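Colleague: Before I set anything up, I would like to go through how the two chains meet. Could we take it question by question?

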Amino acid sequence: MSSDQDHLQKTDTEERFDFKKESKAAFAAEKGLTEETVHAISEDKDEPEWMLERRLRALEQFQEMPMPTDWPGQPDLSEVDIDEIVPYIRPDVDVRAGVDDWTELPDEIKDTFDKLGIPEAEKNALSGVGAQYESEVVYQNMQERWEEKGVIFCNMDEAVQEHEEIVREHFMTTCVPPSDNKFAALHGAVWSGGSFVYVPEDVTVEMPVQAYFRMNSEGMGQFEHTLIVAEEGSEVHYIEGCSAPKYSAINLHSGGVEVFVGEDAHVQYSTVQNWSKNTYNLNTKRALVEKNGRMEWISGSMGSKATMLYPSSILKGRGASDNHITIAFAGEGQNIDTGAKVYHNAPNTKSTIESKSISKDGGRTNYRGLVHIADGAENSSTAVECDALMFDNESTSDTMPYMEINESKVDVAHEATVGKIGDEDVFYLQSRGLDDDDAKQMIVSGFIEPITEELPIEYAVELNRLVELEMEGSLG
Amino acid sequence: MSTQLPASISEETVNEISAERDEPDWLLQTRLEALSALEELEMPSVIETPGRRWTNLEDLDYESIVDPLDQRDETERVSAEGAKVLDFETALEEHPELVEEHFGSVTDPQTNYLTALSTALFTTGTVIYVPEGVDAEDVKVRAEMNSTSLFSHTLVVAEDNSSATILERISNGSAVDGDRYFSNLVEIVTGENAYVQYGSLQNLDEDVYDFTLKRGDADRYATIDWIEGNIGSRLTRSDIETELNGDSSETKIVGAFFGHDDQHFDINARVWHNGEHTTADLVTRGVLDDEARSVYEGVQDVGREAWDTSSYQRENTLMLSDDSEADASPKLIIHNHDTEASHSATVGQVDAEDLFYMTSRAISPNTARNMLVEGFFVPVLEEVEVDELRDDIDDLIVARLD
């Protein structure tokens, strides 16, 4: 087989929390996107020259690339008008790069995150937590015992200043180059905030690290960048939550996530996305996995008006493995187009993808996934399983897997099923004294259980609660 | 349209083909309309992912492989009692209304560039007419292509309560040098409660580019079963499609292919569930040896009003060599929740345990592998109702294994 880089180039083509706060900003970029906007953002952040250059290059690529419109059955993006979106809002917080004591936050921001349960979660079960409000991280904390071992968890803007070398090497270079797709390019031009996680060799961070992103202003875009570098033999679990209140204008979330999984390292990335239903959620998330490394993507897509998200793993080292677990729930007016991408570029690599989707009240879910096994990636195996549940006749459930197998010594299996909630199951539960709603809720909880059991308990509870809220009272 | 129209194709060409056959005016008009639509029409859609185009139809040099005025074939037709199995010209003479009513009613001649080209230029083909209540067993159409290019059109009309099992076999007769092009459109129209099994075996020489679109329209209680066997050709693009328009209609699309050397098979099976209580079963099994490449797309599309649908799809590919490649995309598009649907696809090698078991019974590894490959096709062969077709497919598989 040819070198790893060659294969990489193949990939390089392409309200429950619905309370609003009055937005107070120290700095807000003009609507729309021009070179001046990019200069202004970079200047406001006092960035080194190379970062500004990367932003400008990404902007150029963004302007050259056409909107993706020809994917079969894809969500309608005609409403996404970059010129109507404010790409950058810095909240009015004195300390740049966030405070590390919760009590120092302005009341309305503190209140927001209190409602979302961020500090409580931190007290209970997390190694570190960061919270982003609009475009900037407002709170960041890491338990001392991890800091002593050299673990870094800070906001991305700070990382550009404080850990310049690591960032410069990894930021939108080999993992997610801006040329990957139009929204990755947009992200590269106007990114702000996000998390930087660095885990040194052989360090295991036993408790999850968490970030929470919140958009509070109308018509804004959020473009946080998350960079996780896990060195040889290390282990970390990163959790991300997202929400925004509902406004009439559209919001755009176009995050970028890059994960470098070193030899024998293990990274788990979990996210429960609950953006308001006017948000376009167009992300690029990718992991490069070295020899015997392991990447796990666990995602719940509940919110947003339209989501196009296909977390991908490039298994470039022998024995690297990937595990995807995704759940999508599309209600009225929602189009959740999500899935997974895995490139098996080395021998003995392994991937498993498990996808569950639920559509109701006219919502559409689509599993769109790609598994590519390169020539020479012998003894690789992949297993894909998609299950979809439909509630009514207005909804749509699509499954569009793509498999490209260029190696014969492989084991490839794909399976999918679609069905409605069984009348018999509902009848059985009703005969045991449950009402119709409770019965269906219970069936749905059972349906997604294989996924919730993989999540840390807080997230499993949140996901279950979100599903319950989605289901409440609206069942026919 | 990016593809250049071959210089040898013009209105005069089409007029000449039509006049030679003394065709009715409606058919000439249909041909001319298809011809003039070529400019606007696109090639059949092909899957593309970042960095990989699954089949390249654009680069074919139609100029050198299409010679519309020199089309020669040798076709043998075996009828069954009560049914009519006629070449196109005779059918136009004896059943002009039947042909006019149904020609192009299932497959729009202007579906894509290649269907329009085929409609404008076809010179051979068969009309199979099964009147009400007639059971036509073992209808056979054996065609040999003897020219650089050949365009064929087959129309099957099965009236209410009729049934037919059909074998269609296409291969080459006298050898012609250089690249060649074979195009084959098949339409099946069914009446209420009709049953048609259309089995097709393509064993063309390996410098023939082959395009086929076979499509059936199933009426109430009707069943259309397809057997699609692909062994020969340099490149095959095959689309097998059923529209389940009538309530309680059914279809099976059964495919088998065996590629070797640098053959390329682009196999597509699609079903549209439009009526209520419809059932579909899509089964494709393929084997790839040497540098052969396969592309498979299966689509199960369940319409908004298709209550009580059952739809299943399985695709299995066996790779015998390290240089073969297999792309697969089984798709589910579901608009009605009263549906039970599933699909699965696998790619792998001959099972090592099976092989071990057989070699431990003193069977040589090569014989064991060949037996397992032959056995791999059994689920497909079992579906074939015309004995001759089943034997032919099996023989070709065995021959290729030696």
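Predicted model: local features only at pLDDT ≥ 70, side-chain atom pairs only at ≥ 80, totals over all residues.

Colleague: How much area do chain A and chain B bury between them?

Modeller: The contact draws on 39 residues from chain A and 37 residues from chain B. Of the area lost, 49% is on carbon and sulfur atoms, and the amount that chain A and chain B bury between them is about 3,000 Å².

Colleague: Which three residues supply more of the area that chain A buries against chain B than any other three?

Modeller: The three in question account for 20% of what chain A buries against chain B, and they are A:Asn393, A:Met403 and A:Ser408.

Colleague: Which residue of chain B forms a salt bridge with A:Glu404?

Modeller: Across the interface of chain A and chain B there are 3 salt bridges, alongside 24 residue pairs in polar contact. For A:Glu404, the closest N and O atoms are 3.9 Å apart, and a salt bridge is counted within 4 Å, so the pair qualifies, the partner being B:Arg52.

Colleague: Which element gives the most residues to the side of chain A that touches chain B?

Modeller: The elements giving two or more residues to that side are strands S20 (335-344), S22 (364-373), S24 (396-405) and S25 (410-420) of chain A. With 11 residues, the one that gives the most is S25(A).

Note on methods: Residues numbered from 1 in each chain as written. Chains lettered and ligands numbered in written order. Heavy atoms only, no water. Contact = heavy atoms within 4.5 Å. Buried area = accessible area lost by both parts, 1.4 Å probe. Salt bridge = Lys/Arg side-chain N within 4 Å of Asp/Glu carboxyl O. Polar contact = N/O pair within 3.5 Å; in protein donor to acceptor, adjacent residues only side chain to side chain. Helix = DSSP H or I, 4+ residues; strand = E, 2+ residues; numbered from the N terminus.
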